[in-house]
Amino acid sequence: MRIAIIGAGFGGLAAAYDLSQAGHKVVIYEAAESVGGLAGGFKEPHWEWSVEKFYHHWFASDKHMLGLIRELGWQGDVIFPRPYTVLLHNGKWYPFDSILKALLFPGLGFGLDKIRFGLVGLYLRLTNHWKPLEKFTVDEWMRRWAGSRVYEMMWEPLVVGKFGETYARQVNMAWMWARLKARTTRLGTFKGGFQAFADRFAAHLGTLGVEIRLRVQVESIKREQAAGSLTVTSQGGSETFDQVLVTTSPALLARLCPDLPPDYLKGLLELKSMGAVVMVLSLKHQLSEQGYYWFNLPKSAGFPCLALVEHTNYVSPAYFGGDHIVYAGDYLEPEHEYFRLSPEELFERFLPAFERINPKFKRDWVKKIWLFKTAYAQPVPLVGHSKNIPDIQTPVQGLYFASMSQVYPWDRGTNFAVEIGRRAARQMLAQK
Ligand SMILES: Cc1cc2nc3c(=O)[nH]c(=O)nc-3n(C[C@H](O)[C@H](O)[C@H](O)COP(=O)(O)OP(=O)(O)OC[C@H]3O[C@@H](n4cnc5c(N)ncnc54)[C@H](O)[C@@H]3O)c2cc1C
């Protein structure tokens, strides 16, 4: 078969790997100038490693991603440092990323609240029955079982940060279950950064005969009934394929393929998601002198964004020519004003967060600023979400769809992009 894949993110690359190994001719169309999608990175000339545009790491539980790396024989290039995630209490930051650290966190006192927090955490870690949880919102389930005080202090900031005020009270509890279940204390990355993995994987796909067309934006996909094929059209012209796999957002699939029946189209367009705005800064000095990696910033305490992440407190600044790399980011609805601000304007908004984390911070510490924005960053799973997930095999014959919006109850990530990309490949192979 001749197969087209739209998107060279981790999902598209993983699907191409299985489809080409099964003997098919695969062409990947990628609008950007490099592979890697949302997990891609960039590099300054004096850096040895790349930095992800949007902060990225793996959990030790990411078995699909780590399994793929093992199949490729590259496991020696994965590292799992133990960085520190911290939470604010009474103006002080406390590590909060293991059961022990959570139990020592003074914010909940040492009475009933801590016991409820511990029991709820334990229950969620131990149970595998997530399905009944999707009938409740995180907000109602947590208030009932952990109590409002515990919920508001420990989990609500995460939910508000990820889903904004609009959706924070609508996200379902199965998502939270999966989030807590998958988390590990050690966090993994690839030597050289996620971009180094993506580039190496793409080069390997080349040896398997996969053709990757960079800087080619697909404009439409049409089913040719008589010929029994699909025509993919880009600025470069049109080409026909036996099967097409789309790995973009649901809204983009709906635009690319208006032939989809109204019911499927309606389902795609009803799926909700958040965008993300992430600023990357190279600094002359270390920001967190305690060496903390991830600061969860509660908006209720007046912080201008969700997270401040010092990448070089996770991997050594030596890989970046001695630069200290810091991210400041937020999940937002695409209409939010942050999407329209210049890097300098947004830096003025984020500046107070830097000063609160280190009062010695000065503007002249900043060597360079980059700003990355995406309208499609985080799907929003509402109550009863499992019935809203579009099938990988669309009603248009030969057209398949594998996106972040179909990852559930797990929080989307490169691990699940690999999983759904490979699952799509299996379904495509079964239909040939
Ligand atoms: C802020 C943020 C933090 C994250 N943190 C983590 C993390 O710590 N760990 C983790 O594992 N994951 C993380 N993720 C999630 C992870 O990046 C995604 O789940 C994963 O990269 C999705 O891969 P994908 O292949 O499904 O989609 P994408 O990476 O979105 O790939 C789709 C590709 O399609 C291309 N495309 C779009 N339209 C067209 C078109 N018309 N024609 C041709 N090509 C097109 C795009 O350019 C893109 O390359 C994070 C994401 C964000 C936004």
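**Exercise 1. Domains and their contact**

State which domains the protein chain is divided into, and describe the side of domain 1 that touches domain 2.

Solution. 
- The protein chain is divided into domain 1 (2-46 + 192-270 + 390-431) and domain 2 (51-62 + 69-191 + 272-389). These bounds come from an automatic or database domain assignment.
- Residues are numbered from 1 along each chain as its sequence is written. The model is predicted: local features need pLDDT of at least 70, side-chain atom pairs count only at pLDDT 80 or more, and totals for chains, interfaces and linings use all residues.
- The C-alpha centres of the two domains lie 28 Å apart.
- Across the boundary, 25 residues of domain 1 are in contact with 30 residues of domain 2. Contact means that the C-beta atoms of two residues, placed from the backbone, lie within 7 Å.
- On the domain 1 side, the elements giving two or more residues are strand S3 (41-42), helix H8 (194-207) and helix H10 (262-270). Helices (H or I, at least four residues) and strands (E, at least two) are DSSP runs, numbered from the N terminus.
- H8 gives the largest share, 4 residues.
- By class, that side has 11 nonpolar, 11 polar and 3 charged residues. Ala, Val, Leu, Ile, Met, Phe, Trp, Tyr, Cys and Pro count as nonpolar; Asp, Glu, Lys and Arg count as charged; the others, Gly among them, count as polar.

**Exercise 2. The nonpolar core**

Find the residues with the most contacts inside the largest nonpolar core, then list the contacts of alanine 16.

Solution. 
- The largest nonpolar core has 127 residues. Such a core is a set of buried Ala, Val, Leu, Ile, Met, Phe, Trp, Tyr and Cys residues joined through C-beta atoms within 7 Å.
- Ile5, Leu13, Ala15, Ala16, Val244, Leu245 and Val326 have the most contacts inside it.
- Domain 1 and domain 2 each supply at least three residues to this core.
- Alanine 16 is in contact with Ile5, Val26, Ile28, Leu205 and Val210, leaving aside neighbours within four places in sequence.

**Exercise 3. H1 against H12**

Describe how helix H1 packs on helix H12.

Solution. 
- H1 (residues 10-21) and H12 (residues 414-431) pack at about 40°, with axes 7 Å apart. Axes are lines fitted to C-alpha atoms, for helices over the stretch in contact; angles run from 0 to 180 degrees between N-to-C directions.
- Residues of H1 in this contact include Phe10, Ala14 and Leu19. Among those they meet in H12 are Ala417, Ile420 and Met428.
- The contact has 10 nonpolar, 4 polar and 2 charged residues.

**Exercise 4. Valine 246**

Is valine 246 buried or exposed, and what is it in contact with?

Solution. 
- Valine 246 is found in strand S14 (residues 243-246).
- Valine 246 is buried, because 27 other C-beta atoms lie within 10 Å. The cut-offs: buried at 20 or more other C-beta atoms within 10 Å, exposed at 12 or fewer, partly exposed in between.
- Leaving aside neighbours within four places in sequence, valine 246 is in contact with Ile6, Leu253, Leu256 and Phe401.
- Valine 246 and glycine 11 are 235 residues apart in sequence, with 9.6 Å from C-alpha to C-alpha.

**Exercise 5. Backbone exceptions**

Solution. 
- Most residues other than glycine have a negative phi, and most peptide bonds are trans.
- Asparagine 90 is in the loop between strand S7 (85-89) and strand S8 (92-95).
- Proline 409 is in the loop between strand S20 (399-401) and H12.
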